[in-house]
Amino acid sequence: MPADPLWYKDAIIYELHVKTFFDSNQNGYGDFPGLTQKLDYLQDLGINCIWLLPFYKTPLKDDGYDISDFYEVSPEYGTMRDFQDFVNEAHRRDIKVLIELVLNHTSDQHPWFLESRFSKTSKKRDFYVWTDDPKKFKDVRIIFSDTEQSNWTHDPVSGQYYWHRFFSHQPDLNYDNPEVQKAMMEILTFWLNTGVDGFRLDAVPYLFEREGTSCENLPETHAYLKKLRAELDRLYKDKIFMAEANQWPADVRPYFGSGDECHMAFHFPLMPRIFMAIRKEDNTPITEIMQRTPVIPESCQWALFLRNHDELTLEMVTQEERDYMHREYAADPKARLNLGIRRRLAPLMNNGRRQMELLNSLLFSLPGTPVIYYGDEIGMGDNIHLGDRNGVRTPMQWNGNPNAGFSEVSAEKLYAPVISDPLYGYQAINVEAQSMTQSSFLHWTKRMIRVRKNFKAFGRGSIEFLEHKNPKILAYIRAYENETLLIVNNLSRYAQAVELDMKKYNGREPVELWGNTKFPKIGELPYLLTLGPHSFYWFRLSKV
């Protein structure tokens, strides 16, 4: 049977870093053979797509986003053969594989940059953006404002300044050079030929620079992405692009083009507002940002997430909202980074099981494809005392053995220490223990994934928010073809009642999806539901 070209609409994506998952050769780093050994676990969890963080050759100054060779696997993680075996084994289990295409920059150790620095007459000189005048592009914001003073860095070797939107060890590529465009196209083709199913396009808004602009979301960027997409479609019919564009929804909309640019894009502004809504016990942050979310082409899809490998970013909120989030979720200044909060899901919720379940109800039932961050399915903790964003990138906790069953080396050789505090430590939180306990968060997550996969409306359906008088309740209809689902979420820490105007579904019978429980039929009168603290209902509205 041919693959569905819209497979990504029904996907459950699991994000992981190879180095964090399982160390098979005892060098302190997770690796591809180790990850391949754990594919049965991921298949049992129910996910059907893995998104890998960068695994290319790198000096590891930015956890692999500083690439020194786009064609090589970093030796800590294994070989190209190991990577190929992993892709083949994933596909054998009907699991798709997405990898990173880091378009915007390279490492300053990349041979292109080394050649560019040492010779102004080299062909590679024009692979990067050089100037004598560091006041150029003065209207451009500094993204890592807590570590970088400028987007220009002086290079003593060449005597000029080079441009970078991220760390100074990550010089930006010059996309005005056709040779750069061609080189990145060749990298795309190389990895497509390994059998991967698509790419997360890292930091795509920043590819081109133009004086007098913010150097973000420029028309030239969209023109190049369309060229990349045309090449992807020419070679394959069922591979995808997922855009990382941390922008307002109206600014992200052009990254879909008319269905001829990216297939998917992350909905960054929704994520912090989910956290705001649960703390304020008010549906307004979610309904407002969803109203501001433009319609996207039929073949396109939002990617939704609660947490990922970066800080919980607060770029796309107002200053007042940022202050509120810092007060509520990052009282300890160590938990703050750049404009965000470097915490995992469980610590953000103070390990509150009901809140974690409710947030997952939103993640899995709002329009889009859910992305689970590795370890969140067991409620892993973090370590805010590790530098940068490393506190949310600690080894996966498999069991209560030393090093959490991640590796057998002595603890000091691990790429990062395992979590060992009393609440989130690996003795308390691990896969083995939760696999043996039917009431565990791991089993609960498996059920949620199973229920979601039974209904196409979650990934493909329309959404209609229901108006009512209780702002602590967020209720909506998801509909697709002959499926009509009613989702009701209680954002409050107290029990709530809500009366929903459902008369257009008069005569239908709500059937709760988790227990297949029939509720009273809908009539002309408002439909009354009561919900416990931080609880939710998923119903299908059955025609009797």
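Good morning. I begin with strand β16, which gives the most to the lining of the second largest cavity, with three residues. Please note that the model we are viewing is predicted.

The second largest cavity has a volume of about 70 Å³. Its lining is formed by F305, L306, R307, L345, N360, L363, V371, I372, Y373, D376, E377 and T445. Two elements, α13 and β16 (369-373), each give two or more residues to this lining. By class, the lining of the second largest cavity comprises seven nonpolar, two polar and three charged residues.

How many cavities of 30 Å³ or more does a search of the whole structure find? The search finds three. In the largest cavity there is about 420 Å³ of space. Its lining has 27 residues, and F144, F166, E244, D310 and R389 are those that lie nearest the centre. That lining divides into 10 nonpolar, eight polar and nine charged residues.

Let me now return to helix α13. Two packed helices are described by the angle between their axes and the distance between the axes. Helix α13 spans residues 353-365 and helix α15 spans residues 441-453; their axes come within 11 Å and cross at roughly 20 degrees. Angles under 35 degrees count as roughly parallel, and α13 and α15 are therefore roughly parallel to each other. Their crossing is right-handed.

Which residues make the contact? From α13 they are R353, M356, E357, N360, S361, F364 and S365, and from α15 they are F441, W444, M448, I449 and R452. This contact has six nonpolar, three polar and three charged residues. N360 of α13 takes part in this contact, and N360 also lines the second largest cavity.

Thank you for your attention.

How values were computed. Residues numbered from 1 in each chain as written. Predicted model: local features only at pLDDT ≥ 70, side-chain atom pairs only at ≥ 80, totals over all residues. Heavy atoms only, no water. Axes fitted to C-alpha atoms, helices over the stretch in contact; angles between N-to-C directions. Helix = DSSP H or I, 4+ residues; strand = E, 2+ residues; numbered from the N terminus. Parallel < 35°, antiparallel > 145°, perpendicular 65-115°, else oblique. Left-handed = near helix turned anticlockwise from the far one by under 90°. Contact = heavy atoms within 4.5 Å. Nonpolar A, V, L, I, M, F, W, Y, C, P; charged D, E, K, R; others polar. 1 Å grid on protein atoms, 1.4 Å probe; cavity = no way out; pocket = protein on both sides within 12 Å on 5 of 7 lines; lining within 4 Å. Points joined across faces, edges and corners; volume = space filled by probe spheres on them.
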